[in-house]
Amino acid sequence: MNIFHLAIPAHDLSLAKEFYAKAFGASIGREYSDYVIFNFLGHQVVTHLNPSKVEQKVTMYPRHYGIIFDKKEDFDMVYAKCKQAQAPFFEDLFERYQNKPGWHFSFFVSDPSNNLIELKYYVNQKDIFN
């Protein structure tokens, strides 16, 4: 099994812990005064306390990260969890390229430090890399 690791800036680690736990059910691993490690849907996301590196404006490009789900029901479950947690949606659920190559469902949420997270489900798994 390969696990993706991502380190991102945070302006407030307490807010980061609350957001990732509520919106994604992320468990907290090691925690220090300057960073927190999360199990983010089976991958390692580390929020580093570094307010000067936090983007002041949320933009989709050039930087965002996320997860592509294998199963639509898992994607739907995370979407419902984000809705229930009242996560700040940058872009609510949408469908792109319907009935064409690359057809997928997606939504974006923003964490408290303006790190943009995209969650996706491809109707045809072969389209992920094609």
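## Asn115 and the β7-β8 loop

Leaving aside neighbours within four places in sequence, Asn115 is in contact with Ile8, Pro9, Arg63, Tyr65, Val109 and Ser110, where contact means heavy atoms within 4.5 Å. Asn115 sits in the loop between β7 and β8. Its relative accessibility is 2%, so Asn115 counts as buried; buried means under 20% relative accessible area, exposed over 50%, and partly exposed in between, with a 1.4 Å probe and protein chains only.

This is a predicted model, in which local features need pLDDT of at least 70 and side-chain atom pairs count only at pLDDT 80 or more, while totals for chains, interfaces and linings use all residues. Residues are numbered from 1 along each chain as its sequence is written, and side-chain values use heavy atoms, with hydrogens and water left out.

## The sheet β5-β8-β7-β6

An open sheet is formed by 4 strands in the order β5-β8-β7-β6, and its pairing is mixed. The edge strands, each pairing on one side only, are β5 (65-69) and β6 (89-96). On average, neighbouring strands of this sheet are turned by 10° against each other, direction ignored. Helices (H or I, at least four residues) and strands (E, at least two) are DSSP runs, numbered from the N terminus, and two strands pair if DSSP finds at least two bridges between them. Axes are lines fitted to C-alpha atoms, for helices over the stretch in contact, and angles run from 0 to 180 degrees between N-to-C directions.

Strands β7 (residues 104-110) and β8 (residues 116-122) run antiparallel and are joined by 7 bridges. Within this pair, Val109 stands opposite Ile117 in β8. Helix α2 (residues 72-84) packs on the sheet and touches β5, β6, β7 and β8; its direction makes about 30° with that of β7. Helix α1 (residues 13-24) lies across β5, β7 and β8, running at about 20° to β8.

## The sheet β1-β4-β3-β2

Another open sheet of 4 strands has the order β1-β4-β3-β2, again with mixed pairing. Its edge strands are β1 (5-10) and β2, and each pairs on one side only. Here neighbouring strands are turned by 25° against each other on average, direction ignored. Helix α1 packs on this sheet, touching β1, β2, β3 and β4, and its direction makes about 5° with that of β3.

Strand β2 (residues 27-31) and strand β3 (residues 35-40) run antiparallel, joined by 3 bridges. The two form a hairpin with 3 residues between them, and Ile28 stands opposite Phe38 in β3. Between β3 and strand β4 (residues 43-49), also antiparallel, there are 6 bridges. In that pair Ile37 stands opposite Val46 in β4.

## Packing of α1 on α2

Two packed helices are described by the angle between their axes and the distance between the axes. For α1 and α2 the angle is about 130°, with the axes 7 Å apart. The angle therefore makes α1 oblique to α2; angles under 35 degrees count as roughly parallel, over 145 as roughly antiparallel, 65 to 115 as roughly perpendicular and the rest as oblique.

Residues Ala21, Lys22, Ala23 and Phe24 in α1 meet Val78, Lys81 and Cys82 in α2. By class, this contact has 5 nonpolar, no polar and 2 charged residues. Ala, Val, Leu, Ile, Met, Phe, Trp, Tyr, Cys and Pro count as nonpolar, Asp, Glu, Lys and Arg as charged, and the others, Gly among them, as polar.

Glu18 is also found in helix α1. At 46% relative accessibility, Glu18 counts as partly exposed. Glu18 and Asn39 are 21 residues apart in sequence and 13 Å apart in space, C-alpha to C-alpha.

## The segment after β8

Asp127 lies in the segment after β8 and, at 9% relative accessibility, counts as buried. Its side chain reaches the backbone nitrogen of Gly102 at 2.9 Å. Leaving aside neighbours within four places in sequence, Asp127 is in contact with Lys100, Pro101, Gly102, Trp103 and Tyr122.

Ile128 is in the segment after β8. With 22% relative accessibility, Ile128 counts as partly exposed. With neighbours within four places in sequence left aside, Ile128 is in contact with Ile68 and Tyr122. The C-alpha atoms of Ile128 and Tyr65 are separated by 15 Å, the two residues being 63 residues apart along the chain.

How values were computed: Polar contact = N/O pair within 3.5 Å; in protein donor to acceptor, adjacent residues only side chain to side chain.
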